[in-house]
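Please look over the two-chain model shown here. A short report on its layout follows the display.

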Amino acid sequence: MPQFEPDFFSSLIFWEVISFGILLFVLYKYAFPGILSALEEREKKIKDSLDQAEQHRSEAERRLKEYEAKLNAAGKEAEAILVAAKERAQRLLDENEQRLTAEAERIKGDATRQIDQERRKALQDIRAQTTELALMVAEKVVQRSLTEADQRRFADEALEALSKSQPR
Amino acid sequence: MEESPLHQFELQRWVPISIGGLDLSINKAVVFMWVVIAVAAVLMVMAGSSRKLVPGKLQSLAEMMVDFIRTMIMETMGKEGMRFFPLVATLFVFILFSNYIGLIPGAYTVTSQIIVTAAFSFLVYGISLVVGFSLHGVKFLGILVPPGTPGWLVPLMIPIEIISQIARPISLAVRLFANMTAGHVMLAVLFGLTISGGLLVGWLPFVFTVAIYLLEFGIAFIQAYIFTILTCVYLGDAFHLHGHEEHAH
């Protein structure tokens, strides 16, 4: 095998050391720092972005909880307001009903009283007129035969009978 | 004309140079080392200088590679292993580009030279020894006695562990060299059959040539990866001395 013939060993080793040394120097000086720092920068950037995203997420979660709590409170408040309004409406309704009932009672009572009064007055009028009319009739029928005293007695008897036949 | 499938690995002195009796002449493999480092340096520096937050294709690829090596180091050595990042990453880049450039027809696969891979593996192993002894002193010899070994087994374990330690750089070098060499030999043989088979039967080895060629693309990456991860593991062993084994299990 040609590789085992030592003719070229010295030159190969020499040039290999030189070449490797040059490459090591160039890469160490001009390539690796740039690539490594780019890698680290990117890693840092990604890590920062992830951290930030995590932060945003927790912030959003916190806000959501806050809003949910607020929404809950608002719901409860609305319910309370509704209940209060219902109670108030019921109370007003009841009050109105009572008031109207009382008013109606009062109007009915007034009317009854008035009617009673009117009736009594009418009765009195009728009695007066009837007496007069009876007297007139009786005068004409028994004008001569009866004395003044007899006339009075008959009229009273007739009135008595009248008021008995009409008790109200 | 029959050509040996090993012919492709032969080198000629293109520009003979000799300093103090040491042959430093330039040959095809040396030229391709230059090609490798030139291509790798240009691409990596371009990728490293764009530094966009949303990377383009080149920057993405380079970043993927760098991140890949960084993860490898973190997993085997931990954070303090990042000191070795330039060495490990350059090693990976050099081997990866050598493997891929070697796949271009007519090019030379630098990593198919045993001496090239051996130089890398002994460099890595040497560094791991230096790191081990400088961090742990003489206690680093404890790497020859795995934790939990019963006392009476120690005399047996030490020679076994010495052999396994010696095997480390050798296997590292041979694995890469053998994989690259074997792949290219296989391609040469199959393509030789295609040429000599003619149109009538030649298509069958040609199909295999294409298939093996595609396979070699995977192998080029996998071998660069294996070399690099083993480098990390050896360096990690030197770093943690038994600590690493406890982590792993």
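The report below goes from model confidence to the chains, their contact and the core.

## Model and confidence

This is a predicted model; local features need pLDDT of at least 70, side-chain atom pairs count only at pLDDT 80 or more, and totals for chains, interfaces and linings use all residues. Residues are numbered from 1 along each chain as its sequence is written, while chains are lettered from A and ligands numbered from 1 in the order in which they are written.

The model scores are ipTM 0.90 and pTM 0.73. Confidence in each residue is given as pLDDT, the predictor's own value from 0 to 100. Chain B has a mean pLDDT of 90, with 96% of its residues at 70 or more. Within chain B, α3(B) has the highest confidence, at 96, and helix α6 (residues 243-248) the lowest, at a mean of 48. Residues 244-249 of chain B have pLDDT below 50, and this stretch has three contacts in the model beyond near neighbours in sequence. Where pLDDT is low, the predicted coordinates should not be read in detail.

## Chain A

Chain A has two helices and zero strands. Helices (H or I, at least four residues) and strands (E, at least two) are DSSP runs, numbered from the N terminus. The C-alpha trace of chain A spans about 200 × 30 × 20 Å along its principal axes. Its radius of gyration is 64 Å, whereas a compact globule of 168 residues would have one near 15 Å. That radius is taken over C-alpha atoms, and the globule rule is 2.2 Å times the number of residues to the power 0.38.

Buried residues make up 9% of the 168 residues in chain A. A residue is buried if 20 or more other C-beta atoms lie within 10 Å of its own, exposed if 12 or fewer, and partly exposed in between; C-beta atoms are placed from the backbone. Ala149(A) sits in helix α2 (residues 148-165) of chain A. It counts as exposed because it has 8 C-beta neighbours inside 10 Å. Its C-alpha atom is 134 Å from that of Leu50(A), 99 residues apart along the chain. Ala161(A) is also in helix α2 of chain A. With 10 C-beta neighbours inside 10 Å, Ala161(A) counts as exposed. The C-alpha atoms of Ala161(A) and Glu54(A) are 114 Å apart.

## Chain B

Chain B has six helices and two strands. From the N terminus, the order is β-β-α-α-α-α-α-α. The C-alpha trace spans about 70 × 50 × 45 Å along its principal axes. Of the 249 residues in chain B, 35% are buried. Among contacts in chain B with a separation of 6 or more, 63% join residues 24 or more positions apart. Two residues are in contact if their C-beta atoms, placed from the backbone, lie within 7 Å.

The 20 residues of α2(B) should span 28 Å at 1.5 Å a residue, and the end C-alpha atoms are 29 Å apart, which agrees. The expected span is 1.5 Å times one less than the number of residues. Buried residues of α2(B) include Ala62(B), Val66(B), Ile69(B) and Ile73(B). The buried residues of this helix pack against α1 of chain A and against α1, α3 and α5 of chain B. Gly78(B) follows α2(B) and has a positive phi, near 85°.

In α3(B), 14 of the 18 residues are buried, so this helix is largely enclosed by the rest of the structure.

## Where the chains meet

The contact takes 31 residues from chain A and 40 from chain B. On the chain B side, β2 (22-23), α1, α2, α3 and α4 each give two or more residues. α1(B) gives the most, with twelve residues. By class, this side has 27 nonpolar, eight polar and five charged residues. Ala, Val, Leu, Ile, Met, Phe, Trp, Tyr, Cys and Pro count as nonpolar, Asp, Glu, Lys and Arg as charged, and the others, Gly among them, as polar.

## The largest nonpolar core

The largest nonpolar core has 59 residues, of which Val36(B), Phe92(B), Val93(B) and Phe94(B) touch the most other members. Such a core is a set of buried Ala, Val, Leu, Ile, Met, Phe, Trp, Tyr and Cys residues joined through C-beta atoms within 7 Å. At least two residues each come from α1 (9-141) of chain A and from α1 (28-50), α2 (57-76), α3 (85-102), α4 (114-136) and α5 (154-240) of chain B. The largest share, 14 residues, is from α5(B).

Leaving aside neighbours within four places in sequence, Val36(B) contacts Phe94(B), Phe97(B), Ser98(B), Ile101(B) and Val110(B).
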